[in-house]
Amino acid sequence: MVVLFVVMVVLFIVMLVIVFVAFSAAFWMGFGDLESYKSLFNTTITLFRMALGDFDYGELNDAHSMLGPFLFAMFMFFVFFVIMFFSPGSFIIYVTIFVSATFFSVGTFFDFVPLLITGNIVINC
């Protein structure tokens, strides 16, 4: 179980780095004339701050009325998609499925949920 969790954390970090590097390059090429996007390092820091909610949307929109909103929306969607669906927090779901299939007399996760709610769980020992 610990190995599976470590693998999930490593894959999460790799996916997040790939998304950040790709969008850093795109924002740097598209908005390199703005102060926040002068270098690749500044662009990465700005995107990290953007992911945390500290961003200047007007600056992007004023710099390029089509590319600014498009890249902003794509970045926000992909970053939160990666964080929400591929985070190690989803490890709890995998553990629940593994435990239900291994230790309890149920076939799938969907068979396990009603038993968990009602408390009618039989342990296979």
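Both F31 and Y37 are buried, where buried stands for under 20% relative accessible area, exposed for over 50% and partly exposed for the range in between (1.4 Å probe, protein chains only). The rings of F31 and Y37 form a tilted pair, because their centres are 5.9 Å apart and their planes stand at 45 degrees. Here, rings of Phe, Tyr and Trp (its six-membered ring) pair if their centres lie within 6.5 Å, with planes under 30 degrees apart counted as stacked, over 60 as edge-to-face and the rest as tilted. The model is a predicted one, in which local features need pLDDT of at least 70 and side-chain atom pairs count only at pLDDT 80 or more, while totals for chains, interfaces and linings use all residues. Residues are numbered from 1 along each chain as its sequence is written, and side-chain values use heavy atoms, leaving out hydrogens and water.

The protein has six helices and zero strands, taken as DSSP runs (H or I of at least four residues for helices, E of at least two for strands) numbered from the N terminus. Of its 125 residues, 25% are buried.

The largest nonpolar core holds 18 residues, among which F27, M50 and F75 touch the most other members. Such a core is a set of buried Ala, Val, Leu, Ile, Met, Phe, Trp, Tyr and Cys residues joined through side-chain atoms within 4.5 Å. At least two residues of this core come from each of helix 1 (2-31), helix 2 (40-51) and helix 4 (67-85). Beyond its neighbours within four places in sequence, M50 contacts F27, Y37, F55, L60, F72, F75 and M76, a contact being heavy atoms within 4.5 Å.

Turning to the aromatic residues, the whole structure contains 10 aromatic pairs. The rings of F77 and F78 make an edge-to-face pair, since their centres are 5.4 Å apart and their planes are at 75 degrees. One aromatic cluster is formed by F20, F23, F27, F31, Y37, F75, F77 and F78. F77 lies in helix 4, and F78 is partly exposed, at 32% relative accessibility.

As for charged partners, the whole structure holds one salt bridge, defined as a side-chain nitrogen of Lys or Arg within 4 Å of a carboxyl oxygen of Asp or Glu. R49 and D54 form a salt bridge, their closest N and O atoms lying 2.3 Å apart. D54 is partly exposed at 43% relative accessibility, and R49 is partly exposed with a relative accessible area of 43%.
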